[in-house]
Amino acid sequence: MTIAEVSKKYEITPDTLRYYERIGLIPPVPRTSSGIRNYDKESCGWIELMKCMRKAGVQVEALIEYVDLFRRGDSTIDARKALLVEQRSRLQERMADMQASLERLNDKIDRYEQGLMTAEKQLQRMREEKENSDSLPAAKKPAV
């Protein structure tokens, strides 16, 4: 696949794809005999992984380290796994923090909705009292 096709498929700009390759976020992409990038299945797999990891908040430096370890071969399997386990732990912590924040926001929103409902009920009562007051004969209206 060309860089334009990959860019469209993964919704990543060609500049970003070139940048990812340049900094080692994805391994070097195979090239045609004329030097044009030719993304294969493996290259696309790396792009999918990096896009997923970046969305999860994994830092670029950790991903570059992972790719570097991968390129060194099977002797780094334990180190790669440890890096992924650490990143998973960090993600779980962020998710717990986000869940707590979401619960707090929901509570706050509920309070506003309850408050608005209370205010609306008070306004409705005031309208009803005014309507009742306006419909009383003049003699029965209380003196102000």
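**The helix packing**

Guide: The crossing of H4 and H5 is left-handed (the near helix is turned anticlockwise from the far one by less than a right angle; clockwise would be right-handed). This is a predicted model, in which local features need pLDDT of at least 70 and side-chain atom pairs count only at pLDDT 80 or more, while totals for chains, interfaces and linings use all residues. Residues are numbered from 1 along each chain as its sequence is written, and side-chain values use heavy atoms, with hydrogens and water left out.

Helices here are DSSP runs of H or I with at least four residues, numbered from the N terminus, as are strands, runs of E with at least two. Helix H4 spans residues 60–72 and helix H5 residues 77–135; their axes lie 9 Å apart at an angle of about 160 degrees (axes are lines fitted to C-alpha atoms over the stretch in contact, and angles run from 0 to 180 degrees between N-to-C directions). H4 and H5 are therefore roughly antiparallel to each other (over 145 degrees; under 35 is roughly parallel, 65 to 115 roughly perpendicular and the rest oblique). H4 contributes Ala 62, Glu 65, Tyr 66, Leu 69 and Phe 70 to the contact, and H5 contributes Ala 79, Arg 80, Leu 83, Leu 84 and Gln 87 (contact means heavy atoms within 4.5 Å). Of the residues in this contact, seven are nonpolar, one is polar and two are charged (Ala, Val, Leu, Ile, Met, Phe, Trp, Tyr, Cys and Pro count as nonpolar, Asp, Glu, Lys and Arg as charged, and the others, Gly among them, as polar).

H4 also packs against helix H3, residues 41–55: the two axes come within 10 Å and cross at roughly 150 degrees. H3 is thus roughly antiparallel to H4. The crossing of H3 with H4 is right-handed. From H3, Trp 46, Leu 49, Met 50, Met 53 and Arg 54 meet Val 60, Leu 63, Tyr 66, Val 67 and Phe 70 of H4. This contact of H3 with H4 has nine nonpolar residues, no polar one and one charged.

Elsewhere, Glu 21 belongs to helix H2, residues 14–23. Glu 21 counts as buried because its relative accessibility is 14% (buried means under 20% relative accessible area, exposed over 50% and partly exposed in between, with a 1.4 Å probe and protein chains only). A polar atom of the Glu 21 side chain lies 3.0 Å from the backbone nitrogen of Val 29. Not counting residues up to four places away in sequence, Glu 21 touches Ile 26, Pro 27, Pro 28, Val 29, Arg 31, Arg 37 and Tyr 39.

Terms used: Polar contact = N/O pair within 3.5 Å; in protein donor to acceptor, adjacent residues only side chain to side chain.
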